[in-house]
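I opened this entry to keep track of what I looked up, one topic at a time.

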Amino acid sequence: MNFVNGNGRTAWWRGARPWLIVWLAGTAVLAAILWWDARAWIQGAPQATFRATKLNLWPLEILWWLFVPAILLVQKSLTRVDRHWRWAITLHGLLAAIITGLFIVAQAARLVLVNHLPASFLPVVVNDLRWMGGWSYLPALVYLALILALYAFSFYREWRAGQRLTSQLQVANAQLETRLVRASLDALKMQLHPHFLFNTLNSITSLIRNHRAREAEDIVAGLGELLRRSLDHRQEAMDTLERELDFLRRYFEIECIRFQDRLKVEFDIDPKCLRAQVPSLLLQPLAENAMKHGISKDPAARLLRISAERDGTRLVLTVFNDGPPLPRDEAALTRGIGLRNSHARLRMLYGDEARLRLRDNAPQGVRAEIILPFRTSSSP
Amino acid sequence: MTTTSRAHWWISLSLLILAGGVGLAFLPPGKPLPVARRAAGDRNILRVVYTQPLRPDPHVRLFPLSSYNLFIQSLWEPLVECDPVTGEPQPAAAASWSWSADHRVLTLRLRPDARWSNGDPVTAHDFVRGWLRLLRSRIDVAYALFPIRNAEAYHRGARDQPGAVGLRALDDLTLQVELDQPRTTLAAELADPMLAPLHHSTETAVAAKSFYEQPAALVTNGPFRLTRANADGYRLEASPFYHGSAGVRLAGVQFIRANNPSTGALLVAAGKADLLPSMHFKSDWRAPTLRPIAVESELALGVVASYFNVTRGPLRDVRVRRALALALNREDLIEEADRPRLVPAWSWVPDMPGRPGLSLFIEDSGEARRLLAEAGYPGGKDFPILRMSLPLWMEGSPYPAACSERWFKELGVRVYVSYEMPATRNDRVHAGDYDIIYGALIATVPDPADLLTVFAMPVEFSETKWRDDEAIRLLTAANHKTGAERLALVEQAERRAMAGVAAVPLMFERRHALRSADVRGWYDDPLARQSPKRLWLDLPVASPPQPGRDSRT
């Protein structure tokens, strides 16, 4: 915890408030006890003396009670200069010396008061205490022990927080890997879908019959490439947009044969974005959704556009199809495993910095938009 | 961790300012501090500082401190008091006394004009009451009365009838004291402030502490009476009923509580007090004011010594014991810081009024080595290691170790100094399992023989296990004599004891008192029993208020 920002200060204040209330309550009780005990002396009763009061008898206890919040506050402030550890050690040493000095002066002041010496004798009493062995260095040791304990507690707490964070990250990484594997499997499943394979194989057969062997070869090669890329990417979380688009092109090459001339795929890609790092197989589920719920559902639909552009520090990826609008049923919207998977992966990788939106594109079509931080492999 | 750019500078600056503020309190004053003006009501009041708790009870005492003696002697008057110059007993509450022919019965005649502070007459019954109360209390205060017949038995519970104690009030003004053995010093011993009478109301007033609310409830027979008591001290005024009130020059005495002697000295320097009866004198101490102050010094009637267990090993041989005694250089032994407080002891009894000390143990290393060789241990060869057994609280004292070092350096004799828990050491001493012990002996009676009784104790109670019938005979004979004749016998006993070297005197102790130049009449007393009624204040005459000026300004 530190005072670096407003949220930190507020959080610290929230944590400290109950203790401060306890301290204030304790101080109030202590003050009441001291006042009640010394009331006769305060009111100037002839038989009453300061010597018999607890103010005289409890000086060290009272001083420590008053010092504790100040010590905690200073220790908390000094953690701000922890990088300058030489400063911190020097300042803690100085503060230990000050506290020791304050205790000595307080002891001397008590002696002056209780023995009815003139106030001008305070420095003399302070120096007299020295040869009487009254210069106790115990407060310095107590302070340093307290500070060490506070540091130890603080480091222990940070270590525990670090441990928790590491555990959470490990869990998140595991979940991420799971999602990636699932995405790969989804892609593989899509590619091995009997209908997809049947159509693809039919298309290949048709091409061979029409003596279009070259095109048939391309499709076979494309299908092989799809399978290979799916398998290759199971262990990679990120890839360049360029490779991601290559993958999509192979996919659409096959789908174009299925849909004959009806499917028109456009790529509107800012060349600057090609080196951007994107989650592997992020666009494929969106493209599959566009084919499945857009182009396939409306015979008039034929356009599918993939675009990528940079918006300052962000990368904006869009998958547009001119198919029918989104269903009004919200459950249907969130039912798709691929879409949920993409959402989850973006949240894990980028937190609040990335988002995925699916919306109707007036007057026609549906637009899936992914916004995520623009990063390249050389970015920190 | 996050670092803000100038945090450490601001924190450093704040701490340095705070350190500077605290440091200012450590700077000694650059010029003499002002002296407080004496309050008009304190004009003829002697203000005495005390540092150990005082209780207005003559029969409660932890240690014979000067301030305690001043306090008790201000409020109570025993039967006799000792002359400051000769040390001889003088009439106080008793007008006269006489011994029976066998010196076993002392009859004291009280002053007919002696009065308590409430006007009641002081009677012999009050002394009997007070002394019996003393006998019922702790042994360290009751032992002063043990010479009285059956007193110790009554104290220990062996006799439960107070009538069995040799103490009689023959009438209101006659007190008879019957002793077990002749003891001519008893008259001087009666000057002990503890042997004060007790008014019938005092025990209740002391137990209930009613004197805090009603100071007059504490009825005393001394030159002063209590007028105020609280945690800061006691205020006394001259008692109009005191038989010698005409000779008392002080209007009162105020006893001011200080936390420690150093603060007490500052109170005197500041003009808030006039007298600090016991202080730890430090040669470089300087008053922070220009108030004229004198440091008084007096030799205490006591001795710091090493005691040899003469039943053990080579210590059975008097030549060995004498060699150990002569090997010590007492001048060198005393550390520089202690020189104002400690002086070399050449014999057992220090200088005291009417009796100068002897010089029996002058260092002579050559003679010490010769004696050791003659005893069969040349250069300490074959000499067994001796054990010096000390209580744990003496670990801070450098002198036992210094003696041990000196004995090894001069004679080759090794002495193992062991510090033990009190119970362990007591068991060891009780079993006689030691060679040497080290300790201080303090007299409670203003008589040189009091210090020498350590050599006349039964062997089973003696730390030295040394017995010399001739020394005992001399001390017994001295108890039948008085004056110079007695002193001569005591001196012979001292020479006899020192010849036996059962113990080696090392140092005598000096007490110091701080008094403002205004305090007059202060005198040395070997038992620190200065009587406040002998003191007075010599203050500069206050200038009268000038006509036409408001005295309040």
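I started with Lys533(B), which forms a salt bridge with Glu77(B); their closest N and O atoms are 3.2 Å apart. I checked where the two partners sit, and the pair links distant parts of the chain, 456 residues apart. Lys533(B) is in the loop between strands E19 (519-520) and E20 (536-537) of chain B. Glu77(B) is in the loop between helix H2 (66-75) and strand E2 (80-82) of chain B. Both Lys533(B) and Glu77(B) are buried. I note that the model is predicted.

Next I looked up Arg291(B), which has a salt bridge to Asp274(B) with 3.0 Å between the closest N and O atoms. Arg291(B) lies in the loop between strands E11 (275-279) and E12 (293-299) of chain B, and Asp274(B) in the loop between helix H8 (261-269) and E11, so the pair ties together parts that are 17 residues apart in sequence. I found Arg291(B) buried, and Asp274(B) as well.

I then followed salt bridges that share partners and found one network joining Arg312(B), Arg387(B), Glu420(B), Arg428(B), Asp433(B) and Asp435(B). My search of the whole structure gave 54 salt bridges over all chains.

I turned to helix H3 of chain A, residues 59-78. At 1.5 Å a residue its 20 residues should span 28 Å, and the end C-alpha atoms are 28 Å apart, so the two values agree. Where does H3(A) bend? I found a bend of about 35° at Phe67(A), with a proline, Pro69(A), following within four residues. Phe67(A) is one of the buried residues of H3(A), which also include Pro59(A), Ile62(A), Leu63(A) and Ile71(A). Towards the end of the list come Gln75(A), Lys76(A), Ser77(A) and Leu78(A).

Trp13(A), Leu20(A) and Leu24(A) make a nonpolar surface patch of about 270 Å². Trp13(A) is in helix H1 (residues 6-42) of chain A. With a relative accessible area of 38%, Trp13(A) is partly exposed.

Notes
Residues are numbered from 1 along each chain as its sequence is written. Chains are lettered from A and ligands numbered from 1 in the order in which they are written. This is a predicted model: local features need pLDDT of at least 70, side-chain atom pairs count only at pLDDT 80 or more; totals for chains, interfaces and linings use all residues. Side-chain values use heavy atoms; hydrogens and water are left out. Helices (H or I, at least four residues) and strands (E, at least two) are DSSP runs, numbered from the N terminus. The expected span of a helix is 1.5 Å times one less than its number of residues. The bend at a residue is the angle between axes fitted to the seven residues ending there and the seven starting there. Buried means under 20% relative accessible area, exposed over 50%, partly exposed in between (1.4 Å probe, protein chains only). Patches are made of residues with over 30% relative accessible area and no salt bridge: like charges are joined within 9 Å, nonpolar side chains (Val, Leu, Ile, Met, Phe, Trp, Tyr) within 5 Å. Accessible areas come from the Shrake-Rupley method with a 1.4 Å probe; for residues, only the protein chains shown count as cover. A salt bridge is a side-chain nitrogen of Lys or Arg within 4 Å of a carboxyl oxygen of Asp or Glu.
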